[in-house]
Amino acid sequence: MKISVIVPSYNEGNNVIRLAHRLQAVLESSTYLFEVIYVDDSTDNTPELLEELRLSDSRFTYVHRTNSRGLATAVLEGFRQATGDVFIVMDADLQHPPEMIPEMMKSILQGNDMVIPSRFVPGGKDGGLSWSRKIVSWTARSIARLALKRARHVTDPTGGIFAVRRGVVDGLHFDPIGWKIMLEILVRGRVDKVAEIPYTFVARDLGDSKMSLQEQFRYLHHIAKLVIGSEEDFRFWKFCIVGGSGVLVNTTVYVSLVQASLNIVTAFVVASIVSMISNFVLNNRFTWSYSKVDSHWARFIKFSVVSVGGILLSSGLVYALYHWLLVNYLLSGWIGIIGGILWNYSLNDSWTFSRKANVEGFLDVDSLNKEQPHHSSGKFKL
Ligand SMILES: Nc1nc2c(ncn2[C@@H]2O[C@H](COP(=O)(O)OP(=O)(O)OP(=O)(O)O)[C@@H](O)[C@H]2O)c(=O)[nH]1
Ligand SMILES: [Mg+2]
């Protein structure tokens, strides 16, 4: 088994050789064949240092890109050049310890497709960031985990160190924006089994950080692109858009009927029925657009049952929060709305619009993510 270590570097003259020495020490004491590919976009003397390194040890190579920049595309370039069976990606600045490689390989050999060293499983440490960077990093992780179902199963989806089997990425088209290549692979790669192992992230010792505000905006753009490109992740947001349209329909009908002198209770009931029908039609067509098990009528009845259940559940929730737990009325109302949305979405997803089995061309997403992450072993199936 051959390992290809891929290292993106940008003006890391202080670090690339120090990293090479640590990689040599670790990899030479293992039984694996290996190559190390630096993908370098530097404007300083890093390429000269990499050339010297290549001449002294042919297992170390580099690609110097003069026309492009970006961490994620650099890693993809590394994948294109790599000849190994397992690809290991790590930063050039020694924040990711090369000494993790044997443990990562052990986990790959145990049958995992992707191995992610994590700062946040028991035993891991996040010592390398200032408090302000920790807050930014926590926010970035939370956004990823909220937006992308697959990221929810990983505690550290935004790091830069990971290992994948060649087959996870081979022949697939990736189109990342910015830095987070690991997230791109987690969502779009052929990843079935993922393991996380603890590691200690240390502070950058030499050289300058390349993280910028612009990079953080690129990150949000990347997440939005991944959500839109993922059937299962985008569905929830489609459901929310349809719900928003339902509020508009309801208000328009209600106001029109009241202005036409109908009493307000009748107007409200009619407006609610009309908006429920429009929500059903749009969800049926747009949100859950795949072929479904039940007939239109059966789906409509189920949808109505779920909607009425949602109203009862959220009203009960608001009552309990306000009267029993003495929560502020506005906060109680918001929690009620969120409870109602989650209830409606999950029941409609799993029951009302249940998918016809084995429809050709569809990824069977329902069979994915059934097992929950099991952090004590740090290993789980997506
Ligand atoms: N090839 C390439 N590598 C890059 C680019 N930008 C950053 N890198 C490398 O990506 C890795 C991560 O960048 P860092 O500046 O260390 O980012 P960070 O770890 O979030 O920030 P610090 O904690 O301050 O180090 C480093 O190895 C950089 O040299 C780029 O545009 N091209
Ligand atoms: Mg760094």
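Analyst: Start with a term: buried means under 20% relative accessible area, exposed over 50%, and partly exposed in between (1.4 Å probe, protein chains only). By that rule, Asp93 and Gln95 are both buried. This is a predicted model, where local features need pLDDT of at least 70, side-chain atom pairs count only at pLDDT 80 or more, and totals for chains, interfaces and linings use all residues. Residues are numbered from 1 along each chain as its sequence is written, and side-chain values use heavy atoms, without hydrogens and water.

Now the domains, with bounds from an automatic or database domain assignment. Domain 1 covers 2-229 + 374-381, and domain 2 covers 232-360. Their C-alpha centres lie 42 Å apart. Six residues from domain 1 and four residues from domain 2 make the contact, meaning heavy atoms within 4.5 Å.

Together the domains bury about 490 Å², with 53% of it on carbon and sulfur atoms. Buried area is the accessible area (1.4 Å probe) that two parts lose on being put together, summed over both. On the domain 1 side, Lys149, Val227 and Ile228 supply 66% of the area buried against domain 2, more than any other three residues.

What about salt bridges across the interface? The rule (a side-chain nitrogen of Lys or Arg within 4 Å of a carboxyl oxygen of Asp or Glu) finds zero between domain 1 and domain 2.

Key: Chains are lettered from A and ligands numbered from 1 in the order in which they are written.
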